Amino acid sequence: MAVALPNFQLPSRLTVSRQYNATANDSAIKHLKRRIEDCKGDILGNEFLHVRCNAHIINLIVKEGLGEKNESISRVRNAIKYVKFSARRFDFFKLFIEKVKIDTHGLLTLDIETRWNSTYMMLDTVVKFERAFSRMYDNDHKYLKYCLEINNVGGYPPIDDWKNVKVFIKFLEIFCQINLKFSGTSYVTSNSFFHEIFNLQKIICKYVRNKDSILSGMAKKMELKFNKYWNTFESMNKLLFIAVVLDPRYKLKYVEYLFQNSYSCLVGAKKSKKGDENFESLV
């Protein structure tokens, strides 16, 4: 990229470089800045050339919250493993679906445990079959035996587990929707960053105060990871704020409002002033 850009005379259009959050990227950005610093048309001396991949940071935040093995998710996962072990078991499970009259065309899926979005999709599907698993536990002696054998690592998921799963789905869906917005390829995403970050911060703070110890514990871990990347004004790319100012639906007053509404009056005022300075330097 550093070699090709000067030849194609593109630096005037180059504002940011989306990279995953790795140490090597910092070195790559420094090298890129040196190669194009003499080119005309750079924006603010390439001060805001680099922006971290927001979707990747969302993944890191959720992984932090789901870092420790959750027993409710483990028991539900083991139930799915039993059903999907063979075609015969799956056909037998279909009989219980018919008996409890579940009207769904969804199919059970197993997640990749290291990928939270696949865990979300697994839970979102399996929760529809709760009554079928309950009926199978009562009528299938092989499934009952299976649950007793693995009881030390996660047996049959009781009612409380299904309640926890429904809460996890609601919580993870928020991150899934934000991740989809950040990962869009057919529309502009820069102007959505500002809104989604403050919305996410508000949601995490809400779950930190949740009475459910499991949810509040997850949220606290997520809050620490969120603060690492997005809590300080200096750690964010200021052009993402300017993208909101250029959106005719919001303008500068909206940015000032969010800063002052999300932080203390003093801190919010300082951040608003800093944002104004960056915008003025750009224009």
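**Notebook: charged side chains**

I first looked up surface charge and found a positive patch formed by Lys99, Lys101, Arg131 and Arg135. Residues join a patch if they have over 30% relative accessible area and no salt bridge, with like charges joined within 9 Å. Lys and Arg count as positive, and a charge is placed at NZ of Lys or CZ of Arg. Accessible areas come from the Shrake-Rupley method with a 1.4 Å probe.

I noted that the model is predicted: local features need pLDDT of at least 70, side-chain atom pairs count only at pLDDT 80 or more, and totals for chains, interfaces and linings use all residues. Residues are numbered from 1 along each chain, and side-chain values use heavy atoms, without hydrogens and water.

I located Lys101 in the loop between α5 (87-99) and α6 (116-126); helices are DSSP runs (H or I, at least four residues) numbered from the N terminus. Lys101 counts as exposed because its relative accessibility is 70% (exposed is over 50%, buried under 20%, partly exposed in between).

I then searched the whole structure for salt bridges and found 6 (a side-chain nitrogen of Lys or Arg within 4 Å of a carboxyl oxygen of Asp or Glu). Glu71, Arg75 and Asp161 form a network of them. Glu71 meets Arg75 at 3.8 Å, N to O; both lie in helix α4 (residues 71-83), 4 residues apart. Asp161 bridges to Arg75, with the closest N and O atoms 2.4 Å apart. This pair links helix α10 (residues 159-182) to helix α4, 86 residues apart. I recorded Glu71 as exposed at 56% and Asp161 as buried at 3%.

Note on methods
Patches are made of residues with over 30% relative accessible area and no salt bridge: like charges are joined within 9 Å, nonpolar side chains (Val, Leu, Ile, Met, Phe, Trp, Tyr) within 5 Å. Helices (H or I, at least four residues) and strands (E, at least two) are DSSP runs, numbered from the N terminus. Buried means under 20% relative accessible area, exposed over 50%, partly exposed in between (1.4 Å probe, protein chains only).
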